[in-house]
Amino acid sequence: MASDLYLGIDVGSTASKCVIVDAQGAIVGRGLYAAGAGTAGPRACVDEAVAQVGGLASAEDVACSCATGYGRHLESWTELQKSELSCHARGAAELFGGVRTVIDIGGQDAKVLSLGKDGSLASFVMNDKCAAGTGRFLDVMAGVFGCKVADLSGLDRESTEVAPISSTCTVFAESEVISKLASGIAIPNIVAGVHESVVERTYGLAKRAGIVPDVAMTGGVALNAALRERLERRIGFPIVTCDDAQYVGAYGAALFALAADC
Ligand code: ADP
């Protein structure tokens, strides 16, 4: 039993993330697999994280573990299970000192969390009813453009103007993008329009939550720098993030495991 290691796993709708921390809460291993609940993704991300930690043979050898995310109930081997809201708030408060608003856009939903001055979760608003404004919307559009979702940011940076997308529904927006492509509009300008559409949805959510600085962004969509910058301009505040943005829920779960020391 490695008594000084703690594991968090975030079983998302589209990706599984695992973080292992030491007794000081420093990240010593991380794993990500682009498949979520009900797939081999959770096991694969745990194996990847475990392999990075010298002397750790298996996930069962950590002192305490905590599962979060959409599919957390399937991970019965963990000692703890916590909601993704609590874990994102916990992870973001630790990574971004002084953060009061956390915008978390994942594969299937978008949330805006309001944190108290002490970093605790005070309230939240959420869109989990519609793919528009989520990673799914961007995944679908990347499929239409024939690129990876990670390429959208670079394409947006090549845009010279925004080709606006008027449909809010993902299915109709997809048809609109296809007809814009067919009419010869340059891909970067359509990508800019797709990003503006997500920004508008996110801004609406954030306004409902109340935007108090500092503002941080977590979840996979935070990795899209061009979209993040458009969102900064829309909300009028800088948005902090980090390379570990997609791991914030798993990191928060690992910190809960550390605090519980079960
Ligand atoms: P969930 O927890 O719901 O599975 P994540 O927070 O892991 O969601 O985010 C998944 C989403 O992040 C994907 O749907 C995709 O749109 C986006 N994403 C993942 N990797 C990247 C990347 N490198 N650049 C831009 N977007 C990304």
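Mentor: Start with helix 5. On the face turned away from its buried side sit the exposed residues V171, F172 and A182. Keep in mind that this is a predicted model.

Trainee: Which residues of helix 5 are buried?
Mentor: T170, A173, E176, V177 and K180. They cover an arc of only 115° around the axis, so they lie on the same side of helix 5.

Trainee: And what covers the buried residues of helix 5?
Mentor: The cover includes helix 3 (135-145) and helix 6 (187-209).

Trainee: How many residues does helix 5 have?
Mentor: It has 13, residues 170-182. From first C-alpha to last, helix 5 reaches 18 Å, close to the 18 Å expected at 1.5 Å a residue.

Trainee: What comes just after helix 5?
Mentor: Look at G184 there. Its phi is positive, about 90°.

Trainee: New topic. What is the strand order in the open sheet?
Mentor: The order is 8-7-6-9-10, five strands with mixed pairing. Strand 8 (121-127) and strand 10 (239-240) are the edge strands, and each pairs on one side only.

Trainee: Which helix packs on the sheet?
Mentor: Helix 2, residues 84-95. It touches strand 6, strand 7, strand 8 and strand 9 (215-218). The direction of helix 2 makes about 60° with that of strand 7.

Trainee: Do strands 6 and 7 pair in the parallel or antiparallel sense?
Mentor: Antiparallel, over five bridges. Strand 6 is residues 101-105, and strand 7 is residues 110-115.

Trainee: What stands opposite V102?
Mentor: L113, in strand 7.

Terms used:
Residues are numbered from 1 along each chain as its sequence is written. This is a predicted model: local features need pLDDT of at least 70, side-chain atom pairs count only at pLDDT 80 or more; totals for chains, interfaces and linings use all residues. Side-chain values use heavy atoms; hydrogens and water are left out. Two strands pair if DSSP finds at least two bridges between them. Helices (H or I, at least four residues) and strands (E, at least two) are DSSP runs, numbered from the N terminus. Contact means heavy atoms within 4.5 Å. Axes are lines fitted to C-alpha atoms, for helices over the stretch in contact, and angles run from 0 to 180 degrees between N-to-C directions. The expected span of a helix is 1.5 Å times one less than its number of residues. Buried means under 20% relative accessible area, exposed over 50%, partly exposed in between (1.4 Å probe, protein chains only). The arc is that of the directions from the helix axis to the C-beta atoms.
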